[in-house]
Amino acid sequence: MKTLENILPKLVIAPGFLIGFAFIYGFMIWNGVLSVTGSRMLPNYSEFVGLDQYVQLWDMDRWWVALTNLGIFSVLYVGGSMALGMAMAIFLDQKVRFEGVLRTVYLYPMALSFIVTGTAWKWILNPSLGLEKLMHDLGWASFHFDWLVQSDMAIYCVVIAGVWQSAGFAMALSLAGLRGIDDNIIKAAQLDGASLPRIYWRIILPILRPVVFSTVLVLSHLSIKSFDLVMALTAGGPGYATDVPATFMYVMSFTRGQIGLGAASATMMLATVAAIVVPYLYSELRAKPHDR
Amino acid sequence: MLKLSKLATAVAFVVAGSAAMAGEVEVLHYWTSGGEAKSVAELKKIMQAKGHTWKDFAVAGGGGDNAATVLKSRVVSGNPPSAAQIKGPAIQEWAAEGVLANLDGTAKAEKWDSLLPKVVADVMKYKGNYVAAPVNVHRVNWMWANAAVLQKAGVSSAPKTWDEFFVAAEKVKKMGLIAVAHGGQNWQDFTTFEDVVLGVGGSKFYNDALVKLDQKALTSATMTKSLETFRKIKGYTDPASPGRDWNLATAMVIQEKAAFQFMGDWAKGEFTAAGKVPGKDYICAATPGTANSYTFNVDSFAMFKLKDSGAQKAQGDLAAAIMGTDFQEIFNLNKGSIPVRLNMNMAKFDDCAKTSAKDFVDTAKTGGLVPSVAHGMAIKPAAEGAIKDAVSQFWNDDKISVADGVKNIAKAAMQ
């Protein structure tokens, strides 16, 4: 009886655990195996090529473009959303009228999928359909904004659409954090003669540190897995100028018949994520002295 | 198991004349634009008339990339459709994976060997056995023009050389219209590029550079000249072209917003669907400098190994129907291509198709008949994809110099 009581919880958990294990680690290992085979159109396990796929990958201009874009996008998307979201939260926190309405308006884009965002911005930014045409029709003939079709600027269009989507989310979290701050601290600072910007910079932002941290964490994982936004907005174009590793992997594996190469790029993405997550988990899981 | 299925196929053909062993055909294709969809509907009618059920499995996306992705997942999971639109070297790649059915039974009964040009039949075979049924022949090196726009711009006839073309394009641009309607996807960029290479270098150079991927040809002065011409065309397109589908570009020509489009003869299906008449409303001409050449693109359906005998029977009927005279005529009238079957009566076809059919036979003799790289008829997918990337990048980024463009393309060809 006693043993059953001990075993039962484990038995109940086991299937879920096994399935989770197979579908997470199993597929990671499978992907790793594929990346050292010469698989082209369909998986092919008989042809072992060692690290050839990785050599070929790092020799491709397109892969470098994808990596550079990921860097540009991640930094600007996370930074931009945070800065804009925080600014909106601070303004909303000034006890403005219609705050509820404004909050809903700002948060609304988060309710859309990236596909919708991408498609809508594709029209807005298209020089012969959207913003540029509107300005010309309104008589401002010298207005010029065609980043979407410029190879070297198109990635910033992805950033604009991404920030538009996520700034409201950053605002909501920041606002919740701001509301949680004890008014007395601020009043005390005001009595001491501190200016408002100084109060925000030296007192409020440091208190918000955990909120900022979790917002950044959520946004950065969104940015690494950004696939749908790029697909809907530019489809990786013009040419392959807005490719990111996720779209690169998709194209190689599924449309170009180079599954081995695609798997190698997926492994590199996994390694990138691991390089960020593992140190983080390590620092979190390590027992902290004052928690005891 | 294999023998059994062969036997079943054989039995299926014996009872072909007699009634009702109806099955289901599931056909994966990417013909979703107006003219194309009408063509598929004809095939569906023929199959339904034979008592089979038709399950349409259409995946949008002009180049067929999306369809290929869906197909792979279906085949890997052991549930292939009866037939899928696959063409060129990809047929051999699929056959090498051991998933395609043997169509020799149908082919013998219907005498395919005598009905098809050898160059086409060879593409349909793997190790001497038929594994796919050809549907049509497309000419890729076509230039489409709106007659009214040309008239207004004062261009008297379709330009025959690239120099003449730029003179005409300049006149159109001066009128404030778009000279070249272009859809900016990598296969469309490449369609224009291969037209330019063929026009500038001729068919021998085209074969050396783009089919044999000879490094000497790829880095030659002719290639430099081709890239310069290619870039000059970009100046006559509109800035909104990146990502545009080909049929939207065709619509721009139909609606008199643009003068020219470089696109294969499937574009004619769009003109036909819009009720336009060749020679009167629009002009079809070989792209500048390529009147004596013919870039071909043969669409075909590869048939997959199936277990169900009813479905196998339906599959055999489908293959026979595809090569049948009725379908070849109706389908190609709708789609804008020409029948792949030789000695067909071309009376019902328009002037563009008649020219195409004549040129197809003529260029096959003179050596001007070359496979289209943009449409997957010439080289392996990996090299094709890499070269398309390089060409698209050059087209879209004006900062890449012509010398670098040549270098990038030559490097991509070594994939």
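Me: How should I read the open sheet in chain B, and what is its strand order?

Reply: Start with the general idea: strands of a sheet pair through backbone hydrogen bonds, in either a parallel or an antiparallel way. In this predicted model, the open sheet of chain B has four strands in the order β8-β9-β7-β10, and the pairing is mixed.

Me: Which strands stand at the edges?

Reply: Those are β8 (178–180) and β10 (282–286) of chain B; each has a single partner strand, so one side of each is left without a neighbour in the sheet.

Me: Let me look at one pair. How many bridges join β7 to β9 in chain B, and do these strands run parallel or antiparallel?

Reply: Strand β7 (residues 142–146) of chain B runs antiparallel to β9 (residues 258–262) of chain B, and three bridges join them. To find the pairing on your screen, look for M143(B), which stands opposite F262(B) in β9(B).

Me: Which helix lies across β7 and β10 of chain B?

Reply: That is helix α17 (residues 351–366) of chain B, running at about 165 degrees to β7(B).

Me: Now the two chains. How do I judge the area that chain A and chain B bury between them?

Reply: The size of an interface is often given as the accessible area lost when the parts come together. Here chain A and chain B bury about 2,200 Å² between them, with 52% of it on carbon and sulfur atoms. On chain A's side, M41(A), L42(A) and R256(A) supply 31% of the area buried against chain B, more than any other three residues. In terms of contacts, 25 residues of chain A meet 23 residues of chain B.

Me: What about salt bridges and polar contacts across this interface?

Reply: The rule finds three salt bridges between chain A and chain B. One of these pairs R62(A) with D389(B), whose closest N and O atoms are 2.7 Å apart. There are also seven residue pairs in polar contact between the chains, counting residues at pLDDT 80 or more.

Me: Which elements of chain A give two or more residues to the side that touches chain B?

Reply: They are α3 (61–92) and α12 (245–255) of chain A. The largest share, four residues, comes from α12(A). By type, this side of chain A divides into 10 nonpolar, nine polar and six charged residues.

Me: And how many salt bridges are there over all chains?

Reply: The whole structure holds 26. Among them, E99(A) bridges to R179(A), with the closest N and O atoms 3.1 Å apart. This pair links distant parts of the chain, since E99(A) is in helix α4 (residues 99–107) of chain A and R179(A) in helix α7 (residues 154–179) of chain A, 80 residues apart.

Key. Residues numbered from 1 in each chain as written. Chains lettered and ligands numbered in written order. Predicted model: local features only at pLDDT ≥ 70, side-chain atom pairs only at ≥ 80, totals over all residues. Heavy atoms only, no water. Pairing = 2+ DSSP bridges. Contact = heavy atoms within 4.5 Å. Axes fitted to C-alpha atoms, helices over the stretch in contact; angles between N-to-C directions. Buried area = accessible area lost by both parts, 1.4 Å probe. Salt bridge = Lys/Arg side-chain N within 4 Å of Asp/Glu carboxyl O. Polar contact = N/O pair within 3.5 Å; in protein donor to acceptor, adjacent residues only side chain to side chain. Nonpolar A, V, L, I, M, F, W, Y, C, P; charged D, E, K, R; others polar.
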